[in-house]
Amino acid sequence: MLGNDHFYNRTIRKIVVAFGTVLNDIRLVRYNKAGTTAYEHFKVPLNYGSKERYLTRITEDPTLTKSIAITLPRISFELTGMSYDTGRKQVSTLQNFNNTATGFKTQYVPVPYDFNFSVSIYVRNTEDGTQIIEQILPFFTPDFTITVDFIHEMGRKHDVPIILNSVNTNTDYEGAAEDGTTRLITWDLEFTVKGFIWPPVKSPAGGLIDRKSTRLN
């Protein structure tokens, strides 16, 4: 586009991977009725995909007990949208520079974008849901900052805030709600990642100008 050679910095992919990594080590411990002895420990599965997709697969089993690919609890997340962030815009003519082993590299400053993510947590009982939620919420006040190596060859890493916007829950009952028999509990969390889209890296034909070698005649 605009006369540039093909380039692909995998910026969006890196943001998706970085966001998923934040939620990829949540563990659940189940205790006996007295709450004194743990009898089960496991890592909560995390997958990329829409909430509707997972709800369809889960609710295909009316009892949630069949041996199927979906087991509870489970977490899914999805990139739901992107928007330009005018508040973080830099002067468009600014450039980053790096003198690498393969030559001098230049790159214009990135374009700031907000990436919206939706996270859904699926559980069978209230205790599982609150245990997972309590492992997430304390780290967002309301943001949590991660460091991402967007363009490795430029030798620059950037801090990226992840902002928690909202938390909602919904309970699906078997039969009438007053019966109190829970079929499925979902927690929905909305996040904004303050990321960037990066332009191409270029190698100027003239290379790096060494001021020490410049003489006036």
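1. T106 is buried, with a relative accessible area of 8%; the term buried denotes under 20% relative accessible area, exposed over 50%, and partly exposed in between, for a 1.4 Å probe and protein chains only. T106 belongs to strand β6, residues 103–108. Leaving aside residues up to four places away in sequence, T106 touches Q95, N96, F97, M154, P200, V201, K202 and P204. Contact here means heavy atoms within 4.5 Å.

2. The model is a predicted one, in which local features need pLDDT of at least 70 and side-chain atom pairs count only at pLDDT 80 or more, while totals for chains, interfaces and linings use all residues. Residues are numbered from 1 along each chain as its sequence is written, and side-chain values use heavy atoms, with hydrogens and water left out.

3. The chain contains three helices and ten strands. Helices (H or I, at least four residues) and strands (E, at least two) are DSSP runs numbered from the N terminus. Their order along the sequence is α-β-β-β-α-β-β-β-β-α-β-β-β.

4. Of the 217 residues in the chain, 35% are buried. The accessible surface of the chain is about 13,500 Å², and carbon and sulfur atoms account for 51% of it; such areas come from the Shrake-Rupley method with a 1.4 Å probe, and for residues only the protein chains shown count as cover. Among contacts between residues at least 6 apart in sequence, 70% join residues at least 24 apart.

5. Which residues have the most contacts inside the largest nonpolar core? They are F19, F117, I121, I132, I136, L189 and F191, in a core of 36 residues. At least two core residues come from each of α1 (11–22), β4, β7 (111–123), α3 (126–133), β8 (143–151), β9 (156–173) and β10 (182–197). The largest share, six residues, is supplied by β10. A nonpolar core is a set of buried Ala, Val, Leu, Ile, Met, Phe, Trp, Tyr and Cys residues joined through side-chain atoms within 4.5 Å. In soluble globular proteins, nonpolar side chains tend to be buried together.

6. Strand β4 covers residues 74–84 and includes R74. Two strands pair if DSSP finds at least two bridges between them. Strand β3 (residues 46–48) runs parallel to β4, with three bridges joining them, and Y48 stands opposite F77 in β4. The pairing of β4 with β7 is antiparallel and extends over ten bridges; here R74 stands opposite Y122 in β7.

7. Is R74 buried or exposed? R74 counts as buried, at 8% relative accessibility. The side chains of R74 and N47 are joined by a polar contact of 2.3 Å. A polar contact is a pair of N or O atoms within 3.5 Å; within protein, one must be able to donate a hydrogen and the other to accept it, and residues adjacent in sequence count only if both atoms are side-chain atoms. R74 is also one of the residues touched by I121.

8. The model has 13 aromatic pairs. Rings of Phe, Tyr and Trp (its six-membered ring) pair if their centres lie within 6.5 Å; planes under 30 degrees apart count as stacked, over 60 as edge-to-face and the rest as tilted. F19 and F77 form a tilted pair, 5.8 Å centre to centre with 50° between the planes. F19 lies in helix α1 and F77 in strand β4, so this pair ties together parts that are 58 residues apart in sequence. Both F19 and F77 are buried. Ring pairs link F19, Y48, F77, F117, F139, F140, F144 and F191 into a cluster.
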